[in-house]
Amino acid sequence: MTTARIRRGIVAGIDGSDGALEAAAWAASAARRFEEPLRLVHVLPKHPNSRGGDGAPDGDEILAAAEKAVLDGQRDLEVERSTHPGPPAQALVELSKTARMLVLGPAATSEMKSVVAGSDVVRVSNRAECPVVVWRGIQGHEVSGTRPVVVGVDGSELSDMAVAHAFEFAAFFGVPLVAVHTWAEHSTLGAWYSEERRFTDWSDLVQHEEAWLAESLAGWREKYPDVEVTRCLERGGPMKVLLEYSFGAQLIAVGSHGRNPFTASIVGSTSQSLIHHARCPVLICRKG
């Protein structure tokens, strides 16, 4: 199922950085497509009644500047502004309980620093109860009418959620959908793999995987008949394959198990790798 309509608003986290403003501009484009209000949110680093006293703009000033920047003189979008007490990750996760979507600026730390010191972007992506889009400021602000939405498909419940939201995005944006399923004989083939099969013709397996991918998308293609769908079966690890697909996408959608950065660094996390390295915004879907 797609996000329930009782959830309201596209929430964009605003901290005064250029990356957050770029993310908010993307969020405004998405809010127009979804006909949802844009909710600009600033999380205060201290108690909400305190002021830094160092001449830096306060939360209201930061939000007012952000609203002016994302509207750019237009009045075709309902905008709400609010400030909340921190910590940032905790406040944004709380907002995710009623939001249709969260949109965050790029991770301010490297992937390795996220393991050691943590990252608010990763924390929110791992714990949010609605889809989270992490901005990757590479290809411009606006929702494009040409580049496809890409979704990683692996048959898990979280992957199914990513597929649902990817179809919804593609339908609202009016763009094609590319569904990518990866396989590797040494790790994901189960009964198909044995030492005897290791150097044999894989055509039967490929046909099996192609049939499975087509079947897994069939219901969503019926629900969204106007979305042009391309199925892609790729041999290799999902991190590397999806990163390559991000170069030609306007959005890439994946499910997330919500692993902490340390665990993810050991067992691997496709979503966290994409958060730090993708060449387009990343949609993270978790079970809320």
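Helices here are DSSP runs of H or I with at least four residues, numbered from the N terminus, and axes are lines fitted to C-alpha atoms over the stretch in contact, with angles running from 0 to 180 degrees between N-to-C directions. This is a predicted model, in which local features need pLDDT of at least 70 and side-chain atom pairs count only at pLDDT 80 or more, while totals for chains, interfaces and linings use all residues. Residues are numbered from 1 along each chain as its sequence is written, and side-chain values use heavy atoms, with hydrogens and water left out.

**View A. Helices H6 and H7 cross at roughly 35 degrees.** The axes of H6 (residues 157-173) and H7 (residues 203-223) come within 11 Å. Their crossing is right-handed (the near helix is turned clockwise from the far one by less than a right angle). In contact (heavy atoms within 4.5 Å) are Val-163, Ala-164 and Phe-167 of H6 with Leu-217, Trp-220 and Arg-221 of H7.

**View B. Here is H6 from end to end.** Its 17 residues reach 24 Å from first C-alpha to last, close to the 24 Å expected at 1.5 Å a residue (1.5 Å times one less than the number of residues). Of these 17 residues, 13 are buried (under 20% relative accessible area, 1.4 Å probe, protein chains only). Just after H6, Gly-174 takes a positive phi of about 70 degrees.

**View C. Cys-130 is in no disulfide.** The whole structure has 0 disulfides (pairs of cysteine sulfur atoms within 2.5 Å). For Cys-130, the nearest cysteine sulfur belongs to Cys-285, 9.7 Å away. Cys-130 counts as buried because its relative accessibility is 3%; Cys-232 is buried too, at 14%.

Technical notes: Helices (H or I, at least four residues) and strands (E, at least two) are DSSP runs, numbered from the N terminus. Buried means under 20% relative accessible area, exposed over 50%, partly exposed in between (1.4 Å probe, protein chains only).
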